[in-house]
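Hi,

Here is the structure I said I would pass on. Have a look at it first, and my notes follow below.

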Amino acid sequence: EVKAALARRLPKTQVSAVDCNKLAGVCEIAAGTTLFYTDKQARYLIIGRVYDMETRTDLTAARLLELNPDALIGAAAGSAPGSPPGGGGAPAPRPTAKRVSLSDLPAKGAITWGPASGPKVTVFSDFRCSYCNQLSGVLRQVGARVEERPISVLGSRSLSEAVYCSKSPVSALHAAYAGETPQSPKCDTSGLDANEAFARTHGFNGTPVVVRADGAVLEGFRPAPVLAAWLRGGPAA
């Protein structure tokens, strides 16, 4: 019934799956790699993220990753973030800043690794992001001094906390990229909250986001030669 109602109201949207059992009172609608929600009468359209406050998990991002494992997940509604399926006028997400001031970030929330003499760079990453994993290898290759700041884009907050609270966060970080989940005690994770607040403020909707020492912002993965040139002050490519 929900699918039939959506066909009448959103005739240009090819609905591929409807699940009204996952979330109480809400139906999850998949249209290819796009995700949105509606009530069981398909009267109200809901576009945005569903966040489980008990487990601190971004359910929408995790589901989008299932639908399209190779995608860099940005806004909740997939390839057309902030817009209703089939077109519409909902506001787009905040555009990513081209330059930011890292002085707004507290010392907490960072995991620092790499040679102290290397070019300094801050990376906003998600341990479930395959491009972040690849970038980690490239940063080691170019000898960068990395201040890694985890943010939960793909429903990875619990993993971020396990890495951050580990007795050896750097080892735990690389283990997490290898698919392992560290066993760690609880600790103060307000630094991770600050990372995510900073990311939201500056429109960092996907990962990785790389910030140079001068505040210049580079979105996404780059191969070693490109990244090395950019770290020396060159333009983004």
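This is a predicted model: local features need pLDDT of at least 70, side-chain atom pairs count only at pLDDT 80 or more; totals for chains, interfaces and linings use all residues.

Let's start at Pro208, which sits in the loop between helix 6 (190-201) and strand 10.

Phe124 belongs to the largest nonpolar core, which has 40 residues. Val121, Phe124, Leu139, Val163, Phe204 and Leu227 are the ones with the most contacts inside that core. Apart from it there is another core of 10 residues, including Ala5, Leu6, Cys27 and Ala31.

Leu139 takes us to helix 3, where the buried residues are Cys132, Leu135, Ser136, Val138 and Leu139. What do they pack against? Their partners are strand 7 (111-113), strand 8 (120-125), strand 9 (145-150), helix 5 (169-177), strand 10 (209-212) and helix 7 (224-231). I also checked the length of helix 3 (residues 130-142): at 1.5 Å a residue, its 13 residues should span 18 Å, and the end C-alpha atoms are 19 Å apart, which agrees. Just after this helix, Gly143 takes a positive phi of about 70°.

Next, a helix pair. The axes of helix 4 (residues 157-164) and helix 5 come within 8 Å and cross at roughly 145°. Helix 4 contributes Leu159, Val163 and Tyr164 to the contact, and helix 5 brings Pro169, Ala172, Leu173 and Ala176. By class, that makes 7 nonpolar residues, with no polar and no charged ones.

Ala42 has a positive phi of about 55° despite not being a glycine. Is Ala42 buried or exposed? It is buried, with a relative accessible area of 4%.

Finally, confidence. The chain averages a pLDDT of 84, and 85% of the residues score at least 70. Among its elements, strand 9 has the highest mean pLDDT (98), while strand 6 (residues 57-58) has the lowest (68). Two stretches stay under 50: residues 71-83, for which the model has 39 contacts beyond four places in sequence, and residues 87-93, for which it has 9.

Cheers

Methods
Residues are numbered from 1 along each chain as its sequence is written. Side-chain values use heavy atoms; hydrogens and water are left out. A nonpolar core is a set of buried Ala, Val, Leu, Ile, Met, Phe, Trp, Tyr and Cys residues joined through side-chain atoms within 4.5 Å. Buried means under 20% relative accessible area, exposed over 50%, partly exposed in between (1.4 Å probe, protein chains only). Helices (H or I, at least four residues) and strands (E, at least two) are DSSP runs, numbered from the N terminus. The expected span of a helix is 1.5 Å times one less than its number of residues. Contact means heavy atoms within 4.5 Å. Axes are lines fitted to C-alpha atoms, for helices over the stretch in contact, and angles run from 0 to 180 degrees between N-to-C directions. Ala, Val, Leu, Ile, Met, Phe, Trp, Tyr, Cys and Pro count as nonpolar, Asp, Glu, Lys and Arg as charged, and the others, Gly among them, as polar. pLDDT is the predictor's confidence in each residue, from 0 to 100.
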